[in-house]
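Let's take a walk through this model together, one group of contacts at a time. Have a look at it first, then read on.

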Amino acid sequence: MKKALFIASIGFLSAGRAIELMPTVVIAQPPIVAQQPARENSIPIRTSQPPQIQIINLGAEPRQQMRLKPALNVKQTTLMTIKMGMKISAGGQSTQEIKVPTSVVTMETEATKIDANGDIHYQFSYTKADVTSDNTNAPPSALESMRSSIKKLVGLKGSFIMDSRGFSKGGDFIVPEGADNNFKQIIRQMSQSIEQLSVQLPAEAVGKGAKWRLDFPLNSNGINVNNIATYELMSFQEGVAVLNIGLEQQAKPQSVNSPQLPAGSNINLQSLASQGRGESTIRLDKLMPVRSAVSMNSNSEMSVKSAGSPQESTIKTQLAMEITLDSQ
């Protein structure tokens with residue numbers, strides 16, 4: 001039983017890494033950084049240099065600049081659904097399939113002010129979060145544990161500033177009253193990941209067929225990963241853009257240090273490669289996309305040694321995930 005739980009923890013480590021990448025790409029939101037004084041129950045995020053956009057193709061004429069200008073004081077409600085499945089094999093043994101419960105999260109965003117230079121002040125909050133028991137082979141106790149963990153997101157909120165191209169200019173998370181240190185640490189890790197997962201609009205005027213690329217390193221769950229997001233503008237009319245999205249992840253061999261792993265375990269990543277594709281429809285007068293859907297497949301291999309055991313095992317993980325997002 002202990003070995004099974006240990007193997008499962010490795011799988012969920014890989015799942016957490018992919019989850020950190022995908023929602024931000026799907027949502028197409030800016031990095032979250034902090035330039036404001038810390039308040040009680042707030043988690044400010046360190047400032048860093050945002051990644052740069054590499055233009056591959058400006059697209060066909062006519063070309064237009066893409067700039068965000070959301071309507072003020074209008075709440076936008078967004079439903080995000082995460083479906084995931086994993087296959088794990090350890091030490092050459094038969095593959096174990098894990099059907100993870102589907103996560104459903106509701107978010108609210110509201111632009112409150114737009115400066116003369118186009119900077120957007122906005123608020124963000126999680127209003128609902130739960131898991132469903134459909135299509136899962138997780139035991140009831142594990143299902144309730146996941147439900148309890150994800151429900152802690154409810155009440156998490158923040159105030160942020162970004163420019164009209166999506167570059168962040170400051171902000172922080174405000175955690176719910178009574179949040180424990182473990183939850184605060186998770187939010188810090190999530191925020192630091194989001195900071196490097198920005199999806200900005202090109203400075204140049206672009207037309208149908210335009211392509212741009214974003215390369216960004218990310219330390220996710222103790223693993224240093226290089227991420228590449230590529231966007232292709234399929235259409236852009238009357239402030240509505242449809243984007244094709246391509247995702248890649250690569251990681252070099254390295255030791256892994258994550259608080260999610262059992263104490264005393266020794267883990268080394270041997271290989272990691274991920275590929276993903278999707279589509280997103282955005283409106284420049286909205287903070288969140290109208291509709292997004294992204295799928296991703298990831299393969300990783302780790303050598304692990306559990307606490308108190310002299311034996312080293314090789315764990316291979318195959319992860320498949322789908323994230324959809326709908327706003328109104």
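This is a predicted model: local features need pLDDT of at least 70, side-chain atom pairs count only at pLDDT 80 or more; totals for chains, interfaces and linings use all residues.

Residues are numbered from 1 along each chain as its sequence is written, and side-chain values use heavy atoms, leaving out hydrogens and water.

Now, what does Tyr231 pair with? The structure holds 3 aromatic pairs, where rings of Phe, Tyr and Trp (its six-membered ring) pair if their centres lie within 6.5 Å, and planes under 30 degrees apart count as stacked, over 60 as edge-to-face and the rest as tilted. One of them joins Tyr122 and Phe160: with ring centres 5.7 Å apart and planes at 45°, the pair is tilted. Tyr122 sits in strand 5 (residues 120–131) and Phe160 in strand 6 (residues 157–162), so parts that are 38 residues apart in sequence are tied together. (Helices, H or I with at least four residues, and strands, E with at least two, are DSSP runs numbered from the N terminus.) Both Tyr122 and Phe160 are buried.

The partner of Tyr231 turns out to be Trp212, in a stacked pair with 6.1 Å from centre to centre and 25° between the planes. Here too distant parts of the chain are linked: Trp212 belongs to strand 8 (residues 211–220) and Tyr231 to strand 9 (residues 223–237), 19 residues apart. Trp212 is buried as well, its relative accessible area being 2%.

On to the charged side chains. Side chains of opposite charge can pair when their charged atoms come close. Across the whole structure there are 9 salt bridges, each being a side-chain nitrogen of Lys or Arg within 4 Å of a carboxyl oxygen of Asp or Glu. Take Arg63 and Glu61, whose closest N and O atoms are 3.6 Å apart. Arg63 is partly exposed at 35% relative accessibility, whereas Glu61 is exposed at 62%.

Another salt bridge joins Glu144 and Arg147, at 2.6 Å from N to O. These two are 3 residues apart in helix 2 (residues 140–150), which means about one helical turn separates them. Glu144 is partly exposed at 44%, but Arg147 is buried at 18%. Both belong to a network of salt bridges that also takes in Asp130 and Lys151.

Arg291 and Asp326 make a salt bridge too, with 2.7 Å between their closest N and O atoms. Arg291 is in strand 13 (residues 291–305) and Asp326 in strand 14 (residues 313–327), so this pair ties together parts that are 35 residues apart in sequence. Arg291 is partly exposed at 37%, and so is Asp326 at 34%.

Terms used: Buried means under 20% relative accessible area, exposed over 50%, partly exposed in between (1.4 Å probe, protein chains only).
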